[in-house]
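The following note concerns the charged contacts and the nonpolar surface of the model. Please read the points alongside the sequence and coordinates.

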Amino acid sequence: MTRHLWQAMVVAMTSWHQGKLFIEHSLALSHDSIHILAGVLLWLVLGLLLRRPLGFWRPWLWLFAIILWNETVDLWIEQWPDPGQQYGEGARDLLLTMFVPTIIMLAIRRRPDLFRQSGAKRRRS
């Protein structure tokens with residue numbers, strides 16, 4: 001039972017990794033750009049699915065959990081000759097993916113007035 005579960009998990013992780021490689025190689029964007037865009041898009045989708053405003057922690061925490069899982073898959077599937085480089089690349093991917101959602105979420109929480117229409121504009125609409 002445990003062996004079958006483990007094999008299923010390895011197959012799922014390998015398939016996920018291969019899908020990511022396909023997307024990365026089919027787009028005319030850098031690896032880092034894909035992480036930034038994917039982080040923002042996934043964060044927006046999570047806000048919609050969870051029915052929570054982006055200023056709430058829940059969509060951000062789910063994004064963080066998904067990105068941690070993604071980087072765990074990368075570390076598991078890819079075996080670099082230099083572990084320090086591999087861990088550094090994973091840390092960079094994590095930071096790049098979380099950077100924009102983190103900045104926007106903190107801005108929404110600290111200065112919500114920046115994300116609302118002013119009273120005069122609201123009355124004209």
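1. Glu89 and Arg92 both lie in helix H4, three residues apart, which is about one turn of the helix. Their side chains form a salt bridge with an N to O distance of 3.0 Å; the term denotes a side-chain nitrogen of Lys or Arg within 4 Å of a carboxyl oxygen of Asp or Glu. Helices here are DSSP runs (H or I, at least four residues), numbered from the N terminus.

2. The model is predicted: local features need pLDDT of at least 70 and side-chain atom pairs count only at pLDDT 80 or more, whereas totals for chains, interfaces and linings use all residues. Residues are numbered from 1 along each chain as its sequence is written, and side-chain values use heavy atoms, with hydrogens and water left out.

3. Arg92 also meets Asp32 in a salt bridge, at 3.2 Å from N to O. This pair links distant parts of the chain, 60 residues apart: Asp32 belongs to helix H2 (residues 31-50) and Arg92 to helix H4 (residues 83-110).

4. How accessible are the two partners of the bridge between helices? Asp32 is partly exposed, with a relative accessible area of 26%, and Arg92 is partly exposed as well, at 38%. On this scale buried means under 20% relative accessible area, exposed over 50%, and partly exposed in between (1.4 Å probe, protein chains only).

5. A further salt bridge joins Asp113 to Arg111, with the closest N and O atoms 2.8 Å apart. Asp113 counts as partly exposed at 42% relative accessibility, and Arg111 counts as partly exposed at 43%. By the stated rule, the count of salt bridges comes to three.

6. Which residues make up the nonpolar patch on the surface? Phe22, Ile23, Leu27, Leu29, Leu37, Leu41 and Leu44 form it, with about 670 Å² of accessible area together. Patch members have over 30% relative accessible area and no salt bridge; like charges are joined within 9 Å and nonpolar side chains (Val, Leu, Ile, Met, Phe, Trp, Tyr) within 5 Å. Areas come from the Shrake-Rupley method with a 1.4 Å probe, and for residues only the protein chains shown count as cover.

7. Helices H1 (2-26) and H2 are the elements that give two or more residues to the nonpolar patch. The largest share, three residues, comes from H2. Leu37 is found in helix H2 and is partly exposed, with a relative accessible area of 45%.
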